[in-house]
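Here's a quick tour of the fold, from the sheet through to the packing behind it. Have the viewer open as you read.

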Amino acid sequence: MDFNLHDLVTIRLEDARPDDVKAVARQLGPIHGRFDGEPDITIRFVDRLETRGTLRYLGKDEAAFTDDAFLVLRAKHKARARVQIPLERVGGPLSIVAEHGLPAVPLLIPIVNLTALAKGALPLHASAFLHNGTGVLNTGWSKGGKTEALLGFMEHGARYIGDEWVYLSADGTSMAGIPEPIRVWDWYLEQMPRYRALAGRGARLRIQALKAMVGAEAALPRLPGKRLAGRVARLLEQQLFVDLPPEDVFPPDAFALSGPLDAVFFVASVAAPGVRVEPLSPQTVAERMVFSLQYERLPFMAYYAMFRFAFPDRFSPIVENAEQIQRERLRAALEGKACYLVEHPYPATIEELYRAMLPYTEQVAQKEVQAI
């Protein structure tokens, strides 16, 4: 089974069972496709991962190493795993060995992103779409409103490029995405009735039950245990969502998956009413997004630090230099692009977000027509 990320990164599964293929497909989206030559990343599945020599643990069921191998012991939702990953090879041809039955291959997305970076692309934490032929990129800090902006325009006929991760060409002329699952929060369902039906009755009941428990905590008097109940409520709030595959949400003709990069919206939630849009310098967007990308890479870097602890003489050049490479490519890719700051309250009103951003996308489209 082969996966092909726009010819940027190729992934091959070996000896995979149907459940293994489904697990990887949930991570990468339905990007099955053939390619020429050898894959960038090979994932080989086995019944049991055999190791040689003493297994030395790092943390509580987090990672381990032998004299010649590094193992990741946790997968999605902290599920137990046993996956061998030679992290010094990230950025080049890489072979991962994983046991059957994982809910997800640990570290796969950051490894894919770093491989794309090594091959000249720029992975960006963002959403993107085409609106009347204009390629729009929405970026910013995590949970800043990127998906909300995407969904607002999709409801008005835009075409989907990507959500969560978008891959820019080094010169900034084009972008491509992968159809990863869309995280739909409880307040999306309230604003967009169509999504309520798509979420399904079971997911709606689960969200309603969680909201009831969060509300019960807020009504508790200030008694011993209130602080603990508050922490539990905050954890429950983080589960008020359902993940929907884009192919279940949008019709087939709504998928572009690639397109030009014409306008950039730097989206942020603020403690103020209304939606405000104003021009922003490309340099500011580039400098800020360097640190957003560092933040997104932190879980991976924790394992990379464990790996360097286990093998101080081994390292990956692309991991060690990722920040500087990203800074240089961001500056080059965004230079001369129309960039805007979008500030909105949280939670955003998706329709208001769309209406506030629309005039600026039309303005960019008019300038492109005049240039032609």
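## Strand pairing

A word on terms before we start: two strands count as paired if DSSP finds at least two bridges between them. Keep in mind that this is a predicted model. With that in hand, take β6 (residues 70-74) and β7 (residues 80-84): they run antiparallel and are joined by three bridges. Within this pair, R74 sits opposite R80 of β7.

## The sheet as a whole

Zoom out and you get an open sheet of eight strands with mixed pairing, in the order β1-β2-β3-β8-β7-β6-β5-β4. The edges belong to β1 (2-5) and β4 (56-58); each has a single partner strand, so one side of each has no neighbour in the sheet. On average, neighbouring strands are turned by 20° against each other, direction ignored.

## Helices on the sheet

Helix α1 (residues 18-28) packs on the sheet, where it touches β1, β2 (9-14) and β3 (41-46). The direction of α1 makes about 5° with that of β1.

Helix α9 (residues 282-310) lies across β4, β5 (63-65) and β6. Against β6, α9 runs at about 145°.

## Nonpolar cores

Which residues touch the most other members of the largest nonpolar core? They're F70 and L137, out of 75 residues in that core. Helix α9 gives the largest share of this core, with eleven residues.

Leaving aside residues up to four places away in sequence, L137 has contacts including L124, V166, L168, M175, L261 and F265. Apart from this core lies another one of 45 residues, with L151, V214, F255 and I350 among them.

Definitions and conventions. Residues numbered from 1 in each chain as written. Predicted model: local features only at pLDDT ≥ 70, side-chain atom pairs only at ≥ 80, totals over all residues. Heavy atoms only, no water. Helix = DSSP H or I, 4+ residues; strand = E, 2+ residues; numbered from the N terminus. Axes fitted to C-alpha atoms, helices over the stretch in contact; angles between N-to-C directions. Contact = heavy atoms within 4.5 Å. Core = buried A, V, L, I, M, F, W, Y, C linked by side-chain atoms within 4.5 Å. Buried < 20%, exposed > 50% of the residue type's maximum accessible area, 1.4 Å probe, protein only.
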